[in-house]
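My entries follow the structure as shown here.

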Amino acid sequence: MYSDKSQQKISKPVTLSTLKKMKAEGEKITCITSYDASFTHAMNAAGVDTILVGDSLGMVIQGQDSTLPVTIEDMCYHTAAVKRGNTNAFILADMPFMSYSKPEQALDNAAKLMQAGASMVKLEGGSWLAETIQLLSQRGIPVCAHLGLTPQSVHKLGGYKVQGKGDTAADLLLQESLDLVAAGADILLYECIPTELGKTLTETVPVPTIGIGAGHHTDGQVLVMYDMLGVNLGHTPRFVKNFLSQGRSIQEAFEAYISEVKDGTFPGPEHGFKS
């Protein structure tokens, strides 16, 4: 059973080198959002590879209607809490809305998140982020670039809509991905893009890709913890599966999610989008 395997996996800390090796060897990367020490400890016991301290906390913890009100102070607080509960997972931390509008500002705020306990920072945006990513990379700060549906731009996008549909949009997303990798991005996270585009991007870029609503071809998967436990408020996105069903405990839900990502069961075709 995977629970036995997970006990082996958590004996050694996951690093960026680990994640790159997993991509090279075709092993799926698992990621779940967490915002505190207790759930982080449970995720580590289940054998999760990476944990995302997401600005989604604005919606699932603070009760906001978007991620925009989240501050860098909020993110540092929750990153520090996750760090205290962590043993071996690689920790990504979101840089919140307008905390990286200028490269020097991004450097200052990224430093705060790294000092709070992050292993890597995540920024939302396309090629315009290249200068910022290059600066962070040169200063030794690993970067995950978030493309596709970027929740911090929800008002500009006109809502939570699938991105990258059609040849023109798909080509643009591919070019932006290559630009950001060239600038120094270490991981690319794609949200709400067509499954086949997720496949093309993953096969093209040399760094690990993590998807949420991006199909099963990406190198890894991430879900918001509250979504995958079925305690989300309001609309349930197409790409979400409730892993707390069937009488499972929370610990068993984490283990089931990890197992299904690893063996390719999740996400299924029903969780993806067409071009």
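I looked up Q221 and found it in strand β8 (residues 220–223), where strands (E, at least two residues) and helices (H or I, at least four) are DSSP runs numbered from the N terminus. I note that this is a predicted model, in which local features need pLDDT of at least 70 and side-chain atom pairs count only at pLDDT 80 or more, while totals for chains, interfaces and linings use all residues. Residues are numbered from 1 along each chain as its sequence is written, and side-chain values use heavy atoms, with hydrogens and water left out.

Q221 counts as buried because its relative accessibility is 5%; buried means under 20% relative accessible area and exposed over 50%, with partly exposed in between (1.4 Å probe, protein chains only). Beyond residues up to four places away in sequence, I listed its contacts (heavy atoms within 4.5 Å), among them I29, C31, H216, Y257 and F266.

For helix α7 (residues 130–138), I recorded T132, I133, L135 and L136 as buried. They lie on the same side of α7, because they cover an arc of only 160° around the axis, taken from the directions from the helix axis to the C-beta atoms. The face turned away from that side carries the exposed E131 and Q138. The cover over the buried residues includes α6 (103–116), β4 (120–124), β5 (143–148) and α9 (167–183). Just after α7, G140 takes a positive phi of about 85°.
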